[in-house]
Structures are given as C-alpha cells and as structure tokens.
Amino acid sequence: MNSPGGRRQEAAGPRGRRAHRPREQDRDVQLSKALSYALRHGALTLGLPMRADGFVPLDALLQLPQFCGFSAEDVRRVVDTNQKQRFALQPGDPSTGPLIRANQGHSLQVPELELMPLETPQALPLTLVHGTFWRHWPSILLKGLSCRGRTHIHLAPGLPGDPGVISGIRPNCEVAVFIDGPLALADGVPFFRSANGVILTPGNADGFLLPKYFKEALQLRPTRKSLSLAGDEETERQSGPKHSARGKRMTQQ
C-alpha cells in the first residue's frame, strides 16, 4: 500500500524491517561465486597448485583471503547442493588432503580435464542448443559462436527447464541457437561431454562455431518465436526489445 506521501511501503518482517533471504543462502551464493572464479579462471594468479586435471587442494583454497570465514563443511554443502553440479570433490591422499575442481567453464588450460569425447553423430544429443542474449545476437548471426575467453563453447541438450538439462544454458537467456552437431562433427569440429553433462566444443581453429552449423534460432523472451537466420537488415529488425535512455525495456515497433 502507499503512504500519504505517495511512497510505496516495503513489505515488513515481524519487527517491521524488510524481509531478507536466509543468511546462509546468501553466504552459499557468495562462496559459489568465489569458487567459480578461483577454480575456473584465477587459480594461477592466486597461487593455487592446480593439477593437470583441474583439481586443487581444498586446504590451500581455504587459506585465500576471499575464503576467510568459510569452512571445508561450507564448501561440501555448496558442492552437494549446487543444482548445476559445477564442482567436484575427491578425497585426495595424505599429502594433499581433499581436492576440489570446477567441472567445466575454464578460461585456464586444463589439459587433463575429465571430458568424454563425442566422436560419432550417434554419441551427440539429439538437441544441441546454446543460450545467449539479444545484445550478442547480431554478432553471433554474422560471425558464429565464440569461446569468448574460455576454452570451450557451452551447449546444452535442451532448453532451460527441459528434462535432463542440468547446466550449459542460463535460465534467463533470451535467444536459443540450435546447432547441427553431425554437420560440425563431419567438418572436424570436436565435441565433448563434461562430468556435469554440459556439451563442450572448442569450435574451429579460431575458436568459433560458424553460422553454417546453425539449424534454427528461437526467441525465448518475452514470448517464444522463431528467428530468421538471415543476416544484415533482417538481423537489425530482430535485434530484440529496445531500451529507453533510462534503461527501461520498450516494446518493439
């Protein structure tokens, strides 16, 4: 309801204060983000002894300042409850103690990351889809999908919310690009499956999955509809909802 001064009052908790999410959930999100950066991108900069398979000692990780206040039990809880199964733990040995790694998403080179090669059309999922956002769509349509600083392009075996889709596509993506995997495979583009079910490809020698491998594209938001794979003027016409100078989304004309 509105106050006499016209300001909307915030929903209050039992003591009249704005309700907050449980503190533990906030901490788990903070910890998950810190783990993602350290294990996917920052291990070398942070001085972590990363093995060729991507594992680092958990004790060494927890010594870093950004993990101050977090325990090994906190890490285990985040690993066990992460819906996208981003991380993996293993016991290690007496010299290392428990080990942890990110299952995929690295910008660091991890030469022995546990990836299953998908070498035949039959090994590929029937659906291969990459989720993206309107701001990237014109460039993708003209140049193809890019690794964008990571070692692989991420693909999922379906759309957000589809059965069996754990990771590999953001739930809030706005455009879905469907890939002709067998055609790309026939041209020598390799595909892999990560430990958490994400389909990965490094693309061609330049790190791109070219537009000739696009089967179809689908607008996901605000409503679902097919998109043209033509370029130039058609790309400009379907470049997504416009925004005003204040940053608010406006309806397409």
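## The protein as a whole

Of the 253 residues in the protein, 42% are buried (under 20% relative accessible area, with a 1.4 Å probe and protein chains only). This is a predicted model, in which local features need pLDDT of at least 70 and side-chain atom pairs pLDDT 80 or more, while totals for chains, interfaces and linings use all residues. Residues are numbered from 1 along each chain as its sequence is written, and side-chain values use heavy atoms, leaving out hydrogens and water.

Six helices and 15 strands make up the secondary structure; these are DSSP runs, H or I of at least four residues for helices and E of at least two for strands, numbered from the N terminus.

## The largest pocket

The largest pocket has a volume of about 1,400 Å³. A pocket here is an open set of points on a 1 Å grid where a 1.4 Å probe fits, with protein on both sides within 12 Å along at least five of seven lines, and lining residues have an atom within 4 Å of a point. The volume is the space filled by probe spheres set on the points, joined across faces, edges and corners.

There are 42 lining residues, and R40, R86, R150, I169 and R170 are the closest to the centre.

## Who builds the lining

Helix 1 gives the most, with eight residues. Among the other elements supplying at least two residues each are helix 3 (72–81) and strand 5 (129–132).

Domain 1 (25–102) and domain 2 (115–227) both contribute to the lining, so the largest pocket lies between them; the bounds come from an automatic or database domain assignment.

Technical notes
Buried means under 20% relative accessible area, exposed over 50%, partly exposed in between (1.4 Å probe, protein chains only).
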